[in-house]
Amino acid sequence: MGIEFCNPGCTVIGSPTKVVDLGETHVPKDVFMDYLFELSSEYLPEKYDLLEHNCNNFTNDVSQFLTGKPIPSYITGLPKEILDTPFGAQMRPLLDVMSGPNGGTPLTQQSADKPTKMP
C-alpha cells in the first residue's frame, strides 16, 4: 500500500496527544503531490521498519520538504532512546516483526484530488 492518508488530526490509532507547529509552507499542492508520488517508492510496506523506517521518518522527510525544518528530535530519536535501554534491547526481536500497513487510505491520484476535511 505505501503512503496512506487520513484527515488532519485523525488516525486509525486515534487523535494525536500533541500537535507541534512546524511553520508554514508556500509549496503549491500540485508540487507537494508530485513530491509524495516520488517519495512513495521509498515508503512501501516491504520497506517499513517499526524502529528505523516508519511514519515519523516519513513525516520528517515531508516536513523538511514543506518547511525546511525537521520534526522534533524527541520524536525521531525515540526508537534509539528505547533500544538503548536493557528492556528495549530485549524487545528488539519482537519489535522487528511488528510491521505492515496501519489501516489508512492508500494515496492515489484520485484520492490526492479530493479535498481533506479538518476535524
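Visitor: Which residues make up the largest nonpolar core?

Guide: In general, nonpolar side chains of soluble globular proteins tend to be buried together. A nonpolar core here is a set of buried Ala, Val, Leu, Ile, Met, Phe, Trp, Tyr and Cys residues joined through side-chain atoms within 4.5 Å. Buried means under 20% relative accessible area, exposed over 50%, partly exposed in between (1.4 Å probe, protein chains only). In this structure the largest core has 9 residues: I3, F32, M33, Y35, L36, L39, Y43, F58 and V62. Helix 1 gives the largest share, 5 residues. Helices are DSSP runs (H or I, at least four residues), numbered from the N terminus.

This is a predicted model: local features need pLDDT of at least 70, side-chain atom pairs count only at pLDDT 80 or more, and totals for chains, interfaces and linings use all residues. Residues are numbered from 1 along each chain as its sequence is written, and side-chain values use heavy atoms, without hydrogens and water.

Visitor: How many aromatic pairs does the whole structure hold?

Guide: Rings of Phe, Tyr and Trp (its six-membered ring) pair if their centres lie within 6.5 Å; planes under 30 degrees apart count as stacked, over 60 as edge-to-face, the rest as tilted. The search finds 2 pairs.

Visitor: Why is the pair of Y35 and F65 stacked?

Guide: Their ring centres are 3.9 Å apart and the planes sit at 0°, so the pair is stacked. Y35 is in helix 1 and F65 in helix 2, 30 residues apart. Y35 is buried at 16%; F65 is partly exposed at 30%.

Visitor: What about Y43 and F58?

Guide: That pair is edge-to-face, 5.3 Å centre to centre, with 80° between the planes. Y43 lies in the loop between helix 1 and helix 2, and F58 in helix 2, so the pair ties together parts 15 residues apart in sequence. Y43 is buried at 10%, and F58 is buried at 18%.

Note on methods: Helix = DSSP H or I, 4+ residues; strand = E, 2+ residues; numbered from the N terminus.
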